[in-house]
Amino acid sequence: MLSYAEFYRRSIEQPEAFWDEQARLIDWHTPYTQVLDYSRAPFTHWYAGGTTNLCHNAVDRHLKDRADQNALIWVSTEVDREVTYTYAQLHTEVQKMAAVLKAQGVGKGDRVLIYMPMIPEAAFAMLACVRIGAIHSVVFGGFASVSLASRIDDAQPKVIVSADAGSRGGKVVPYKGLLDEAINLAQSKPSKVLMVNRGLAEMPMTAGRDEDYALLAAGLAGVAVPCEWVEAAHPSYTLYTSGTTGRPKGVQRDTGGYMVNVAASMKHIFMCNPGETYFSTSDIGWVVGHSYIIYGPLLNGMATIMYEGLPIRPDAGIWWSLVEKYKVTAMFSAPTAVRVLKKQDPAYLSKYDLSSLRALFLSGEPLDEPTAQWISDALKRPIIDNYWQTETGAPVLTIANGVEQKASKFGSPGIPMYGFNVKLFNESTGEELTGANEKGVVAIEGPLPPGFMQTVWRDDARYVNTYWKSIPGRQVYSTFDWGIRDQDGYYFILGRTDDVINVAGHRLGTREIEESISSHAQVAEVAVVGVADQLKGQVAMAFAVLKDPSKAATPNDALKLEGEIMKVVDEQLGAVARPARVRFVTLLPKTRSGKLLRRAIQAVCEGRDPGDLTTIEDPTALQQVKDLVQGS
Ligand code: PRX
């Protein structure tokens, strides 16, 4: 057996041979003629000339051996339902959805935007799109009209698939009104909107545009829609994510490379076998949901649990009861969820038979040591932190116990994964940091492995300029995360270098939140920073300058205005982006050249030393922030 070090070295030194081998994990319709075409560096074209289909690999190819095995297990503690679909049933449902999409004129290369709660139809829609060569773009159901409108305009979908409502903690969250408003705001109008009616909320239909999915799908039970064979580089999906600018980036993923890398991770990282059950508690609106609720488990012939609900409702044992019931072998969640569970009675963990579970994988935000220790003691299973990004498609730093057993170090997600040539650089000189415990920007040297984003949707220049030009003198992909590497090669992630914050594992751009707050008539200027939070990792904190400061003269006025501003954010971006507090100041701390001193604000909010302030224009501005923070 190969040691991990040898496995890794081969992936970096002989990437073509390495990924040629991994490509055997999936079916190809026609073989590729070149493993990697890197003639357009930094753009990679993996498996050039090969044709395949993601839905064929995730569904159809398993029919031979596992038609009657569970494929999708849908559990909703919101509407108290549990429905399982075997691979044969999933195949039927996906073809129905594919037939409906085709009847609405959706074909290869067309975009379909999916704005849905965690219901089976969302999975059917994703799989149906890739089946017919359409490109899906799932927008997280927690986003509201303005967020949605900007994504509609960028993706320009022919069809939108949505539902009347989601539900959270037993409370109905209507979607249709937000969707209608988003379509009104958008320049690019979809020709059709397919609605799934759950009977939870009003669903006013726009004649000629909106269709009830159930009506269109009725009678299509036996419909056959063949898979469209696409070239490996054909985009399978775009997924929007936040960066420094307010405009979200459409992370574009290919088909062939993505499948290979995700399938490889199921084996090498998640140690899963076909026929087992995988449970990722994420949402399909995020990359973890794409790779590890839908594609990874299904590519690997597993049953996947899709869960709609909270981790503590009806009680804190719900997830563990599912592990017992469905004999889950690998579970994937986020540190925030574990911190929520940690506040509950630990007896919930010993109540169920968890013997099937081999490991718990955690990702999306830093995993603090006390949380890791608590869940490790409670589960008595390996807790495997893994670091990655929407852009990377699969873990970049973790341990690959499927290749060689290695110990985790609490606080560190681990070591570089095969295919990822991870390095640290000084952000201002571009010097590579090769020593132990030096802090730098985490970067990845090309060629990037299969499954990595191909480009920014319709904007190659933005891809290159954003990701490949941020470290002086270096043509490397920047993750925009700070990190250090210890003497054993384990990395530690120390937060973002840009204006991205991470609230309960949700990646948000502070600029987007600032833009939304600024749209309130009273706001002249605002700064949003991420502040450390015991439960959510970080929360957004806003400091606003009012056009007329007298509007917040009394504590009551200020509270009222704060509520109004939060409502604006809720309506435009969604509650997920709502700042924890909006405070009012008369001046924001800036440099003499007018640059906002966000880091200094953040430091003061966290009770840290704000550092070098020699360039600050007016020190009283920071003092105002300090007074507010200390006073609260
Ligand atoms: O800052 C890092 C943080 O989340 C960012 C990526 O978020 P997103 O695109 O939503 O992808 C999540 C995929 C799991 C990263 O730039 N992050 C992610 N995982 C970790 C992490 N920070 C610390 N430890 C992690 N394990």
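Q: How do the residues of the shell around the ligand divide into nonpolar, polar and charged?
A: They split into six nonpolar, six polar and five charged. Here Ala, Val, Leu, Ile, Met, Phe, Trp, Tyr, Cys and Pro count as nonpolar, Asp, Glu, Lys and Arg as charged, and the others, Gly among them, as polar. This is a predicted model, in which local features need pLDDT of at least 70, side-chain atom pairs count only at pLDDT 80 or more, and totals for chains, interfaces and linings use all residues. Residues are numbered from 1 along each chain as its sequence is written, and side-chain values use heavy atoms, leaving out hydrogens and water.

Q: Which of the 17 residues around the ligand come nearest?
A: Asp-385, Thr-390, Asp-481, Arg-496 and Arg-507 do.

Q: Which elements each supply at least two residues of the shell around the ligand?
A: They are α11 (287-299), β20 (383-386) and β27 (491-496). Helices (H or I, at least four residues) and strands (E, at least two) are DSSP runs, numbered from the N terminus.

Q: Why are α13 and α15 called roughly perpendicular?
A: Helix α13 (residues 335-342) and helix α15 (residues 369-379) pack at about 65°, with axes 10 Å apart. Angles of 65 to 115 degrees count as roughly perpendicular, so the pair gets that label.

Q: In which hand does α13 pass α15?
A: The crossing is left-handed. That word means the near helix is turned anticlockwise from the far one by less than a right angle.

Q: What is omega for the cis peptide bond from Arg-313 to Pro-314?
A: Omega is near 5°. Pro-314 lies in the loop between β17 (303-308) and α12 (318-326). The bond from Gly-446 to Pro-447 is also cis, with omega near -5°. Pro-447 sits in the loop between β24 (440-445) and β25 (455-456).

Q: What is phi of Gln-156?
A: Phi is near 45°, a positive value in a residue other than glycine. Gln-156 is in the loop between α7 (145-155) and β8 (159-163).

How values were computed
A residue is near a molecule or strand if one of its heavy atoms lies within 4 Å of it. Axes are lines fitted to C-alpha atoms, for helices over the stretch in contact, and angles run from 0 to 180 degrees between N-to-C directions. Angles under 35 degrees count as roughly parallel, over 145 as roughly antiparallel, 65 to 115 as roughly perpendicular and the rest as oblique.
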